[in-house]
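Work through the exercises below with the sequence and the 3D view side by side. Try each task before you read its solution.

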Amino acid sequence: MNNTKFYYLYSILSTTALSFFNPILYIYLLSKDFSFAEVGLYLSIFWLASFMTELPCGAITDNIGAKNSILISMIFRVVGLILLLSNSLILLYISAILSAIAESFQSGTLTSWLVNVNNKNNEEIDIDKVFSRNSLYALFFSAVIGFISAKYVYVYFKSLSIILSMTVFIISFLFTYLFMQKLEQTQKISIENLKGSIVTVKNSLKETLYVKSSVFLMILFVIPSILDLGPSNQWQAVFEKLDADIIGYVWVGISVSGMLGSVIYEKLSNKLSKLRILYFFVIVNLGMLLMFIFIQNVYAKFILFMLFIVFFTLMSIQVNVFMHKYLVKSDENRTTTVSIFYTFESIIVAILLSVNGVLTDRVGIENTWLAFMILVGVIILSFMLVKLKKRRIK
């Protein structure tokens, strides 16, 4: 099977599996009589475990191979979902840890594999278009499957969404085992390979953290996540206060807007390949959110939020492409280097999620979003001033 086609098909299967439970996970846990505090701790454990396992899993992947890593990820994912069927609080938290490990083994692995396997085979691919098209496919299936799961499957039988997700992950496991190409002839999980992961981590850290430009890029690449911290987690609460009936349409609108952003990026990828465009997108999204906060008409808010999603999608694809173009220094440590960024992103998001919760309780959702927008604005302005200063020196 063509490597790019495998990449698309695997992403579709993975998105389908995730979309069965993502739209209903929070209310599913509440329906099992877990409190808001317990569910909140579940999410916190997930982010903390993601932070602790992202870099080790990335290093292990570079030593055992992407295929083994993906297979391990799906095993952890299925076991984690099985534990969600229980009413035990302890098993719920174990599920969070297993799901985080699964995410760490998978995050960045497939994209790194695609680039590396094509480099090895001397096959040229336009990664800008591949990533944007993959995002388009993922968002389409996310919208369709998520809507079906929330509207019909969950209503019919609450645990059925979790069961269907498990089923698709098992199918994905078999699909990967049969069709995913290995980069090496023999890649076995061994103590020697695991020890080699330590060396891989050291080399990747030297290639990134010891280089000022790499640290600069990592901070720049995490800005979209900071900006989206409130909107991605609290949009339901905002629209529920205005009109609860619109929430389902907002979910579909988010996916459609994401698809539109993917199409735009694919068509304009050559014109969006410079870092300064990322600054522009951030500033545009700051303006969108600012108008979203102060305009109270529900339909106007809907349109502004959809535009925010379009530009956020453009930023997300850009960050994914820029990581492989500018941050990664070698194919050998590609997955580990990407994992360093995701580790950095995880700890930033984990910390700011706690800050977001405290601020929301004290000053409300809109004012909390404003606080994060000011933070992003200060960072962007600082970067632009530093860049301008360097130009003047030259």
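Predicted model: local features only at pLDDT ≥ 70, side-chain atom pairs only at ≥ 80, totals over all residues.

**Exercise 1. Find which helix has the lowest mean pLDDT and which has the highest.**

Solution. Start with the whole protein chain. Its pLDDT averages 81. At least 70 is reached by 85% of the residues. Now go element by element. Helix α9 (residues 191–208) has the lowest mean, 55. Helix α8 (residues 160–179) has the highest, 95.

**Exercise 2. Describe helix α8: its span, its buried residues and what they pack against.**

Solution. Take the span to begin with. Helix α8 has 20 residues. From first C-alpha to last, α8 reaches 28 Å, close to the 28 Å expected at 1.5 Å a residue. Next, look for buried residues, those under 20% relative accessible area. In α8 they include S161, I162, S165, M166 and V168. F169, S172, F175 and T176 are buried too. Finally, look at the partners. The buried residues of α8 pack against α1 (3–21), α2 (25–31), α4 and α7 (127–156).

**Exercise 3. Find the salt bridge and state which parts of the chain the pair ties together.**

Solution. Apply the cut-off: a side-chain nitrogen of Lys or Arg within 4 Å of a carboxyl oxygen of Asp or Glu. The count comes to 1 salt bridge. R77 pairs with E103, and their closest N and O atoms are 2.6 Å apart. R77 sits in helix α4 (residues 66–84) and E103 in helix α5 (residues 89–106), so the pair ties together parts 26 residues apart in sequence. R77 is buried, at 6% relative accessible area. E103 is partly exposed, at 30%.

Terms used
Residues numbered from 1 in each chain as written. Heavy atoms only, no water. Helix = DSSP H or I, 4+ residues; strand = E, 2+ residues; numbered from the N terminus. Buried < 20%, exposed > 50% of the residue type's maximum accessible area, 1.4 Å probe, protein only. pLDDT = per-residue confidence, 0-100. Expected span 1.5 Å × (residues − 1). Contact = heavy atoms within 4.5 Å.
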